[in-house]
Amino acid sequence: MFSLEAPASQLMYSTVMLISTLANGDIVNSGTGFFYEFKVDGERPRQEVVLVTNKHILSGADRVKLTLHEAIYVNKESSRVEPGSASFDVTVSTGDFVDHPRCEDLSAIPIKLVWDEALKLNKKPFYRAIPETIVPGDDTLRELSALEDVVMAGYPEGMIDATHNFPVLRRGI
């Protein structure tokens with residue numbers, strides 16, 4: 001078993017493969033979604049989690065299927081959970097996704113809607129959300145050079161570790 005606190009482990013549980021379909025089940029597209037946590041200001045300040053993907057993954061589809069890791073309780077007295085070895089599918093409507101107001105190809109769905117679908121199956125999803133605090137600011141972006149190390153976690157061209165329901169992880173420059 002690997003450490004769940006390691007950054008690479010966090011990435012493995014922060015992404016999910018999306019398969020968009022027509023109402024009759026025909027596949028339209030597939031791609032990567034990632035869980036993202038951000039602060040909401042206002043009368044009720046809080047942290048929100050959404051599942052973010054590209055709009056073109058949803059385009060022309062009615063539904064989106066995602067395969068999630070099932071959470072298990074470490075022990076009955078604890079509310080702490082770990083990823084189980086099982087996965088399960090939930091399906092949500094493409095109409096539940098909200099387009100980003102400033103990015104042409106981003107769309108998101110509140111995690112609550114995904115969670116509600118999982119609860120209907122008597123399941124609890126295990127995931128790790130990417131916090132907005134790790135998104136680089138303008139100063140950091142200005143300091144980047146043309147040659148930087150990058151890490152990719154996702155499902156390019158539908159590639160997946162289907163045995164473990166994990167994304168493809170790659171590192172490069």
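Reader: How much space lies in the largest pocket?
Author: About 340 Å³. This is a predicted model, where local features need pLDDT of at least 70, side-chain atom pairs count only at pLDDT 80 or more, and totals for chains, interfaces and linings use all residues. Residues are numbered from 1 along each chain as its sequence is written, and side-chain values use heavy atoms, with hydrogens and water left out.

Reader: ok, and what's a pocket here?
Author: Work on a 1 Å grid over the protein atoms alone: a pocket is an open set of points with protein on both sides within 12 Å along at least five of seven lines, while a cavity is a set where a 1.4 Å probe fits but cannot get out. Lining residues have an atom within 4 Å of a point. Grid points are joined across faces, edges and corners, and the volume is the space filled by probe spheres set on the points.

Reader: Which residues lie nearest the centre of the largest pocket?
Author: Y36, V50, V52, H100 and A108, out of 16 lining residues. Strand 2, strand 3, strand 6 (98-99) and strand 7 (106-110) each give two or more residues to that lining. Strand 7 has the largest share, with 5 residues. Strands (E, at least two residues) and helices (H or I, at least four) are DSSP runs, numbered from the N terminus.

Reader: How does that lining divide into nonpolar, polar and charged?
Author: There are 12 nonpolar, 2 polar and 2 charged residues. Here Ala, Val, Leu, Ile, Met, Phe, Trp, Tyr, Cys and Pro count as nonpolar, Asp, Glu, Lys and Arg as charged, and the others, Gly among them, as polar.

Reader: What about the second largest pocket, what lines that?
Author: Its lining is L11, T15, F34, Y36, I130, I134, V135, P136 and A153. By class that gives 8 nonpolar, 1 polar and no charged residues. The space in this second largest pocket is about 200 Å³.

Reader: Switching to strand 1 then. Is it mostly covered or mostly open?
Author: Mostly covered: 7 of its 7 residues are buried. Buried means under 20% relative accessible area, exposed means over 50%, and partly exposed is in between (1.4 Å probe, protein chains only).

Reader: Which way do its residues point?
Author: T15, M17, I19 and T21 point one way, and V16, L18 and S20 point the other way. In a regular strand the side chains alternate between the two faces of the sheet.

Reader: What does strand 1 pair with?
Author: Strand 1 runs antiparallel to strand 2 (residues 27-40), joined by 7 bridges, and also pairs with strand 4 in the antiparallel sense over 4 bridges. Two strands pair if DSSP finds at least two bridges between them. I19 stands opposite S30 in strand 2, and its bridge partner in strand 4 is K65.

Reader: How many residues are between strand 1 and strand 2 in the hairpin?
Author: There are 5, and G25 in that turn has a positive phi of about 100 degrees.

Reader: Which other residues have a positive phi?
Author: N122, with phi near 65 degrees, is one that is not a glycine. N122 sits in the loop between helix 3 (111-120) and strand 8 (125-126), and is exposed at 72% relative accessible area. E157 also has a positive phi, about 55 degrees, and is exposed at 82%.

Reader: Last topic: which residues have the most contacts inside the largest nonpolar core?
Author: F35, L66, L68 and V114, in a core of 19 residues. A nonpolar core is a set of buried Ala, Val, Leu, Ile, Met, Phe, Trp, Tyr and Cys residues joined through side-chain atoms within 4.5 Å. A second, separate core of 7 residues includes L4, A71, F126 and F166.
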